Amino acid sequence: MNVQSPMGLAAAAAAAVRPCRHRLLSSATAAGTATSATATTLFPRCPHPYLHTHGRRLPFLASAGSQHASQTGPATTPTPIPGSVPTTDPRAAVSGNLPFFDRVLFPDTFPVETPPTGEDDAAAAAMQADEEVAPAPPVREESDTEREAWRLLRRAVVSYCGEPVGTVAAEDPECTETLNYDQVFIRDFVPSALAFLMRGETEIVRNFLLHTLQLQSWEKTVDCYSPGQGLMPASFKIRTVPLDDNNEGFEEVLDPDFGESAIGRVAPVDSGLWWIILLRAYCKITGDYALQERVDVQTGIKLILSLCLSDGFDMFPTLLVTDGSCMIDRRMGIHGHPLEIQALFYSALRCSREMLVMNDGSKNLIRAINNRLSALSFHIREYYWVDMKKINEIYRYKTEEYSHDATNKFNIYPEQIPSWLVDWIPEKGGYLIGNLQPAHMDFRFFSLGNLWAIASSLTTPKQAEGILSLIEEKWDDLVANMPLKICYPAMEDDEWRIITGSDPKNTPWSYHNGGSWPTLLWQFTLACIKMGRPELARRAIAVAEERLSDDKWPEYYDTRSGRFIGKQSRSYQTWTIAGFLTSKMLLENPELASILTCDEDLELLEGCSCCLSKRSRCSRRVIKSKVVG
């Protein structure tokens with residue numbers, strides 16, 4: 001096989017993929033047409049040097065007959081496209097069969113089966129006879145709200161050359177000013193993708209992953225400057241353009257936005273991280289590991305990681321980003337090392353380590369990933385965590401310490417502790433602060449960062465339990481009438497004017513400044529399932545289900561308790577709809593949470609790559625003892 005450089009692969013993809021008539025993906029819905037018959041794959045399948053022991057497909061997807069997972073056997077039934085009725089119901093397949101799911105997802109936990117004896121055969125025959133007459137467990141009927149949500153989600157699906165490739169941000173028929181809500185956002189599509197995957201409809205997710213991968217290679221220029229090649233777009237739009245000046249023929253093209261059209265012209269740091277997380281989820285639930293082994297996919301992962309792991313002037317293992325580079329895409333004082341980016345970064349590194357093909361060309365990258373994971377987990381757990389004990393410790397900090405063993409390493413002034421926090425922090429529980437820089441701690445509670453830190457095991461198990469305990473204790477502040485506050489508390493008065501620049505959309509308790517975002521419900525559900533607290537998720541879902549349909553599925557809610565629909569909120573926001581459906585499906589099939597979560601990796605705490613051991617005692621062993629204990 002001819003080995004091409006990442007730059008060469010990216011250039012080839014950029015030159016070949018733009019027009020629909022030269023698309024690289026073979027159509028799953030028009031296999032008999034001339035276009036799909038002549039379509040070729042740009043990149044050959046990369047042979048995997050080792051055998052996947054986890055490459056089996058989940059049982060409800062085996063009957064869906066994915067046309068792309070050739071290693072699992074021949075297809076029997078075509079995968080349904082959005083808008084059609086799915087060929088199989090995953091809930092019916094797994095209902096009453098949780099041990100089988102455990103055997104599929106965790107094969108190492110089951111003993112090897114021995115050949116049965118004659119008595120065993122007789123007993124097995126008797127049990128089989130009993131099972132044949134036993135009634136099948138009932139399947140829960142979808143509520144009216146769920147049926148409406150599925151109808152709206154399918155309405156939001158957009159197609160490129162006859163294939164579904166994503167969902168628009170919002171499909172509000174009453175709104176005449178679309179802005180960029182008619183585009184497919186990478187971060188917004190994640191809950192939609194999960195809903196389709198858990199329903200057995202995988203084609204749209206595969207198409208999305210491959211088309212956005214090909215957009216990664218496009219030339220990006222803002223004021224004569226081009227950002228890194230591994231940058232993923234924030235969104236893309238499907239446009240119809242004429243083939244020539246005579247307008248006799250037209251073609252569809254994908255028009256990506258890498259931030260050059262965004263408010264503030266900020267590059268989307270989180271897009272590539274979400275793409276990696278979704279790729280792992282798709283491969284785990286479908287068993288289509290051939291996708292992640294493709295040379296173009298491997299190259300895409302490496303390009304994203306090359307951007308994230310590049311050397312710079314920073315002294316910390318956290319990613320340094322500008323304001324507005326993630327879900328909070330407006331000026332909100334999160335520049336520096338915001339928790340949301342660090343949690344997604346850690347999760348993407350864990351996912352990449354699983355998916356990268358081990359060979360001579362990837363050894364150094366995997367070594368760099370392990371070193372960064374080790375340093376990042378220690379840094380977040382040690383310095384971002386606050387509870388009553390830690391805040392009291394900061395309250396007694398000495399400042400201006402100059403030594404290698406200083407207690408106040410970041411020279412935090414005790415006067416930075418906000419007055420609201422003193423009375424708000426509960427006796428039990430805690431959370432990860434929003435940001436940490438020299439002489440600055442952002443004590444605001446950011447929901448996405450804390451929840452994804454739980455899902456990815458960036459926190460210790462004890463810290464994860466503490467975060468959920470705090471949410472339960474402060475339910476009226478963080479959930480109230482609509483889950484979930486994007487951050488708490490809101491900035492008000494002079495702080496709002498200085499930090500946001502008097503942003504009229506981020507007024508106190510609105511939008512990103514303390515607004516309530518229903519899409520965060522699925523991430524809250526995921527964290528609750530991982531920590532064995534599904535009752536908290538059910539409670540939050542019940543609160544949301546009472547209002548979302550009547551309120552026309554708004555993007556966000558305003559006021560301190562989330563009573564009002566957001567003053568500039570779009571109706572029929574797709575990730576609000578998909579977040580609700582994903583939450584319901586995760587609660588019904590909690591085994592599927594494993595496609596997104598990561599378990600605690602104690603080996604990371606052994607991989608101390610720092611050189612402090614000769615000068616002072618490294619505290620990672622202390623952290624590990626806390627985890628094990």
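The protein has 25 helices and 11 strands; helices (H or I, at least four residues) and strands (E, at least two) are DSSP runs, numbered from the N terminus. This is a predicted model, in which local features need pLDDT of at least 70, side-chain atom pairs count only at pLDDT 80 or more, and totals for chains, interfaces and linings use all residues. Residues are numbered from 1 along each chain as its sequence is written, and side-chain values use heavy atoms, with hydrogens and water left out.

**The whole chain**

Start with everything selected. Of the 629 residues, 56% count as buried; buried means under 20% relative accessible area, exposed over 50%, and partly exposed in between (1.4 Å probe, protein chains only). The protein exposes about 28100 Å², and 52% of that is supplied by carbon and sulfur atoms. Such areas come from the Shrake-Rupley method with a 1.4 Å probe, and for residues only the protein chains shown count as cover. Among the contacts (heavy atoms within 4.5 Å) with a separation of 6 or more, 72% are between residues 24 or more positions apart.

Select residues 184-185, 235-242 and 250-257, which are E3, E4 and E5. These strands form an open sheet in the order E3-E4-E5, with antiparallel pairing. Strands E3 and E5 stand at the edges with a single partner strand each, so one side of each has no neighbour in the sheet. Two strands pair if DSSP finds at least two bridges between them. E4 and E5 run antiparallel and are joined by eight bridges. To find one of them, pick valine 241, whose bridge partner in E5 is glutamate 251.

Next select residues 295-308 and 339-355, helices H12 and H13. Their axes come within 11 Å and cross at roughly 145 degrees. Axes are lines fitted to C-alpha atoms, for helices over the stretch in contact, and angles run from 0 to 180 degrees between N-to-C directions. The crossing of H12 and H13 is left-handed, a term for a near helix turned anticlockwise from the far one by less than a right angle. Show the side chains of Gln298, Ile301, Leu305 and Cys308 in H12, and of Phe345, Leu349, Ser352 and Met355 in H13, which make the contact. By class, this contact of H12 with H13 has six nonpolar, two polar and no charged residues. Here Ala, Val, Leu, Ile, Met, Phe, Trp, Tyr, Cys and Pro count as nonpolar, Asp, Glu, Lys and Arg as charged, and the others, Gly among them, as polar.

The contact of H13 with H14 divides into nine nonpolar, four polar and three charged residues.

**The four-stranded sheet**

Move on to the open sheet with the order E6-E7-E8-E9, where pairing is antiparallel. E6 and E9 (487-488) are at the edges, each with a single partner strand, so one side of each is left without a neighbour in the sheet.

Select E7, residues 430-437: eight of its eight residues are buried. Three bridges join E7 to E6 (residues 385-387), and valine 386 has tyrosine 431 in E7 as its bridge partner. E7 also pairs with E8 (residues 440-446) over four bridges. Asparagine 435 stands opposite aspartate 442 in E8, and glutamine 437 has histidine 440 as its bridge partner there. The hairpin of E7 and E8 has two residues between the strands, and alanine 439 takes a positive phi near 65 degrees.

Most residues other than glycine have a negative phi, and most peptide bonds are trans. The last stops depart from this.

- Proline 483 to leucine 484: the peptide bond is cis, with omega near 10 degrees. Leucine 484 lies in the loop between helix H19 (475-478) and E9.
- Tyrosine 488 to proline 489: this bond is cis too, with omega about -5 degrees. Proline 489 is in the loop between E9 and helix H20 (493-500).
- Aspartate 493: phi is near 55 degrees. This residue is in H20 and counts as exposed at 56% relative accessibility.
- Serine 502: phi is near 60 degrees. Serine 502 sits in the loop between H20 and helix H21 (521-530) and is partly exposed at 34% relative accessibility.
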